[in-house]
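Here is a colleague's note for someone opening this structure for the first time. Please keep the view open while reading the points.

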There are 2 protein chains.
Amino acid sequence: MEKKLQALKHHLVEINDLRSAAALLHWDQSTYMPPGGAAARGRQIATLSRLAHEKFIDPAVGTLLEELMPYAEQLPPDSDDARLIQVTFKDYERAVRVPPDFTAELSNHQAAGYEAWIAARPANNFAAVRPLLEKTVELSRQLADFFPGYEHIADPLIDFADPGMTAATISALFAELRQELVPIVKAITEQPVADDSCLRKHYPEDKQLAFGVQVIKRFGYDFERGRQDKTHHPFMTKFSLGDVRITTRVKEHDLSEALFSTMHESGHALYEQGICQDYEGTPLASGVSAGVHESQSRLWENLVGRSWGFWNYFYPKLQDVFPEQLGSVPLETFYRAINKVERSLIRTDADEVTYNLHVMMRFDLELALLEGKLEVRDLPEAWRERFKADLGIVPPDDRDGVLQDVHWFADVVGGVFQGYTIGNILSAQFFDAALRAHPSIRDEISMGEFGTLHGWLKKNVYHHGRKYSVPELIERATGSKLTIEPYIRYLRTKYGELYAL
Amino acid sequence: MEKKLQALKHHLVEINDLRSAAALLHWDQSTYMPPGGAAARGRQIATLSRLAHEKFIDPAVGTLLEELMPYAEQLPPDSDDARLIQVTFKDYERAVRVPPDFTAELSNHQAAGYEAWIAARPANNFAAVRPLLEKTVELSRQLADFFPGYEHIADPLIDFADPGMTAATISALFAELRQELVPIVKAITEQPVADDSCLRKHYPEDKQLAFGVQVIKRFGYDFERGRQDKTHHPFMTKFSLGDVRITTRVKEHDLSEALFSTMHESGHALYEQGICQDYEGTPLASGVSAGVHESQSRLWENLVGRSWGFWNYFYPKLQDVFPEQLGSVPLETFYRAINKVERSLIRTDADEVTYNLHVMMRFDLELALLEGKLEVRDLPEAWRERFKADLGIVPPDDRDGVLQDVHWFADVVGGVFQGYTIGNILSAQFFDAALRAHPSIRDEISMGEFGTLHGWLKKNVYHHGRKYSVPELIERATGSKLTIEPYIRYLRTKYGELYAL
């Protein structure tokens with residue numbers, strides 16, 4: 001059996017190498033590739049992804065796994081090998097259920113959808129993407145139907161990104177959150193909007209980048225095992241556990257853009273860099289879910305990077321870098337600026353309080369589309385209505401309304417948004433657990449030290465990769481199930497002080 | 001048959017995509033990869049190369065090719081499809097003759113040899129690599145023996161790099177060249193050595209890079225379909241015909257390093273960028289041989305980039321960039337400096353006159369090692385003797401003697417050096433043919449214009465990729481067989497003037 005396990009691992013490493021190469025092709029496309037490379041590059045990424053998929057659904061893998069599953073039962077239940085076999089078996093089951101022809105059709109449709117969206121959004125032309133989105137909804141339903149036995153048709157799609165969650169559990173979670181959040185948003189937005197003009201001065205690119213690098217080095221992001229480059233849309237990517245990269249974008253008239261995107265992506269990267277090296281090349285060597293991944297980007301960006309203690313230490317340094325722009329701006333003004341809350345149109349620009357309202361409305365609209373209760377043709381109007389109800393403002397057009405996010409147009413409808421809010425909730429739950437274990441963390445942050453926090457996260461979250469299920473991981477790390485309590489407490493405390501609520 | 005040809009092309013594109021991804025993994029390793037990525041990267045490149053090889057030697061490819069070969073006979077002999085089938089058939093025959101186990105053994109041995117050489121060269125420790133090199137000679141012989149029917153055991157190895165050439169034809173060519181070259185070297189080196197101290201001042205990196213970019217843009221290197229980055233060892237690489245990249249290295253106290261390496265690599269890249277777009281993704285979309293490839297790097301680096309006409313135009317611009325360093329240095333001094341000839345130890349630093357002596361001695365030593373007339377243990381001494389005889393100087397140690405080139409230690413013994421001198425010979429033959437067709441080229445170069453030369457090369461050389469055999473290509477482009485006459489005439493004219501011979 002040991003030999004069969006070795007054979008499986010060998011096969012998995014090969015698949016991992018193909019996927020890593022595809023990831024590098026994508027990273028290069030987004031960072032350094034000259035325009036002439038575009039045509040072949042799309043094809044190359046598709047070829048490698050297809051070959052990796054073919055290798056994974058090879059019946060020989062199924063045979064190995066079927067032989068190994070009883071063996072896994074005999075191993076200690078928490079052993080790496082037992083978990084590797086079980087996680088791989090679940091991935092395999094999922095992969096073989098979707099016929100290759102369907103995967104090809106979906107993938108071609110997604111590419112077409114992306115191209116159409118690229119043109120439709122600036123042209124404010126929802127009609128142009130409507131038939132494509134109708135097909136996406138249909139294909140998303142078909143995809144879900146390859147996994148029968150679900151309670152809600154969105155469940156299989158949600159399970160891809162956030163394994164173990166369902167439409168019902170998320171709806172309940174979001175309803176609970178909503179109940180707490182709406183009064184907080186209301187109370188804050190009745191106050192005058194904070195003045196963030198200090199962030200809109202001219203900040204030269206190279207100095208912004210250097211400052212961000214200095215910050216994430218202190219967080220513990222290891223530049224010996226990663227690097228940062230510029231792209232249009234910031235992301236984190238991984239080619240091996242020793243090579244986890246991030247990208248950022250700089251706006252010279254918006255200091256917050258690069259700074260917080262760098263911290264955000266470094267959170268994703270700290271997670272991947274912290275995975276147990278023994279898992280290299282196997283399916284365990286990855287973050288466990290969209291929600292847990294986002295919890296780390298949000299933890300470092302918001303709970304650390306937008307905290308008073310953090311800036312207590314870093315603001316004088318930032319003033320040294322930008323004396324003309326910030327020399328006469330008090331810390332408190334700066335702190336209020338980076339934590340400004342307002343009802344705004346664009347999810348990705350939203351503050352940490354209103355952000356979840358943007359996510360929750362998308363989640364509900366996804367469910368309605370999949371259930372057939374909402375037709376695609378009625379989606380723009382449904383968007384406006386829900387926006388008005390939740391945020392009190394109405395998008396002036398579809399460009400900044402229903403067309404703003406690429407997800408539904410280039411991915412599927414269902415399961416693509418909930419991770420952002422689960423991430424916010426979990427960021428506070430993990431942070432709270434770390435604080436309970438090490439109350440010194442707050443003081444350390446105020447001194448620009450992050451070793452204790454980073455160490456706790458590595459040991460309790462990052463190290464395990466995909467070894468434990470999400471509920472197991474949360475319970476092991478925090479001692480309780482997923483709960484909104486620490487998140488609400490965090491928001492109440494922070495914004496209560498900021499807005500004297 | 002049309003359908004079978006499509007099936008073959010489809011399969012070939014897939015293999016091409018795997019190889020292109022491996023090339024990108026290598027480019028990234030040499031340019032931007034953080035140190036932590038090294039371990040997994042070596043494995044990833046090996047995996048993709050192996051998968052590409054496995055896909056190519058798939059018996060299904062053999063069956064397709066056997067069916068298509070008679071079809072190719074019926075097509076017009078110069079049609080792209082006929083040539084594609086024939087070139088692919090030859091590649092396939094070559095690939096299937098070498099057993100996969102041998103390929104794996106050789107590849108592991110080469111990796112070990114490279115690692116050993118990396119340590120042995122700075123330590124001047126030939127003894128440490130001797131047993132490895134002995135095995136390399138043995139493996140090189142075994143490799144050749146998979147291709148029986150050769151006249152000389154080096155022939156199959158030479159044929160990999162320079163198809164159609166043999167030990168006998170190259171020996172004859174080199175003997176002829178040697179006879180002409182030795183008196184020229186002798187006459188020049190009896191003159192005082194040119195003063196190149198003007199190149200050794202401090203030249204800031206960014207200005208050097210910007211100047212090089214300006215030059216190769218004028219050559220016609222298309223930055224929309226390529227880019228230049230910094231590496232330890234300059235090279236050209238290609239991910240598709242729309243993405244052909246070069247790398248360079250800069251020495252701030254040696255102006256010639258980045259400048260001429262940039263021109264050299266741009267010559268390789270102009271070749272690849274100029275290949276017919278219809279060949280994208282097929283075995284035709286590549287340079288035809290090591291020698292023809294090197295002819296283009298040497299043509300742009302030397303026949304153009306070290307010519308009087310070229311600097312007549314560019315030197316004032318270079319002076320503008322470096323007024324302190326070059327403002328008071330006359331063009332003639334600079335021209336003599338970049339064309340300094342001297343008997344030196346290191347091949348890669350050698351001038352264009354003595355360079356070939358370095359290559360020819362390596363070629364002869366390779367033959368002797370393969371024939372068994374020279375034992376590896378006697379190689380350092382043989383190197384010193386031959387160096388003394390040919391160049392009149394003796395390397396003080398093995399570091400700058402037999403250990404200086406990586407080729408024998410990380411590749412095979414046999415066929416790895418001749419391309420450099422064939423390239424020099426061909427560079428003049430192609431340039432001469434272009435001048436005969438368009439005598440205006442000389443004047444244009446003096447005005448910083450390269451369109452006519454580049455156009456002629458594109459039409460007569462670059463466009464065809466691997467479609468024609470090397471002898472066909474040379475004959476079609478120049479109207480004659482490979483000949484040293486234009487090269488000797490070029491050297492005599494240029495260095496006759498420079499050294500008043």
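1. A term comes first. A residue is buried if 20 or more other C-beta atoms lie within 10 Å of its own, exposed if 12 or fewer, and partly exposed in between, with C-beta atoms placed from the backbone. Asn124(A) has 15 C-beta neighbours inside 10 Å, so it counts as partly exposed.

2. Next, the ground rules. This is a predicted model, in which local features need pLDDT of at least 70, side-chain atom pairs count only at pLDDT 80 or more, and totals for chains, interfaces and linings use all residues. Residues are numbered from 1 along each chain as its sequence is written, while chains are lettered from A and ligands numbered from 1 in the order in which they are written.

3. Stay with Asn124(A). Its phi is near 55°, a positive value in a residue other than glycine. Most residues other than glycine have a negative phi. Where does Asn124(A) lie? It sits in the loop between helix H5 (100–120) and helix H6 (126–145) of chain A. Helices here are DSSP runs of H or I with at least four residues, strands are runs of E with at least two, and both are numbered from the N terminus.

4. Now look at chain B. Asn124(B) is not a glycine, yet has a positive phi of about 55°. Its loop runs between helix H5 (100–120) and helix H6 (126–145) of chain B. Asn124(B) has 15 C-beta neighbours inside 10 Å and so counts as partly exposed.

5. Turn to the interface. How many residues of chain A are in contact with chain B? There are 29, and they meet 29 residues of chain B. Contact means that the C-beta atoms of two residues, placed from the backbone, lie within 7 Å. On the chain A side, helix H1 (2–31), helix H2 (38–56) and strand E2 (236–240) each supply at least two residues. H1(A) gives the most, with seven residues.

6. How are the chains related? A rotation of 180° with 0.0 Å of shift along its axis superposes chain A on chain B, at an RMSD of 0.0 Å. In chain A, the C-alpha nearest the axis belongs to Ala21(A), 3.1 Å away from it. The same surface serves both copies, since 100% of the contact residues of chain A recur in chain B.

7. Ala21(A) returns in the core. The largest nonpolar core has 252 residues, of which Ala21(A), Phe430(A), Ala434(A), Ala21(B), Phe430(B) and Ala434(B) touch the most other members. Such a core is a set of buried Ala, Val, Leu, Ile, Met, Phe, Trp, Tyr and Cys residues joined through C-beta atoms within 7 Å. Beyond its neighbours within four places in sequence, Phe430(A) is in contact with residues including Ser295(A), Leu299(A) and Leu457(A).

8. Chain A has an open sheet of three strands, in the order E1-E3-E2 with mixed pairing. Strands pair if DSSP finds at least two bridges between them. Strand E1 (228–230) and E2 of chain A stand at the edges with a single partner strand each, so one side of each is left without a neighbour in the sheet.

9. Which way do the strands run? E1(A) and strand E3 (residues 243–248) of chain A pair in the parallel sense over three bridges. There, Gln228(A) has Ile246(A) in E3(A) as its bridge partner. E2(A) and E3(A) run antiparallel and are joined by four bridges, with Lys238(A) opposite Val244(A). A hairpin of two residues links E2(A) to E3(A). Five of the five residues of E2(A) are buried, so this strand is largely enclosed by the rest of the structure.

Conventions:
Copies are superposed by least squares on the C-alpha atoms of residues with pLDDT of at least 70 in both.
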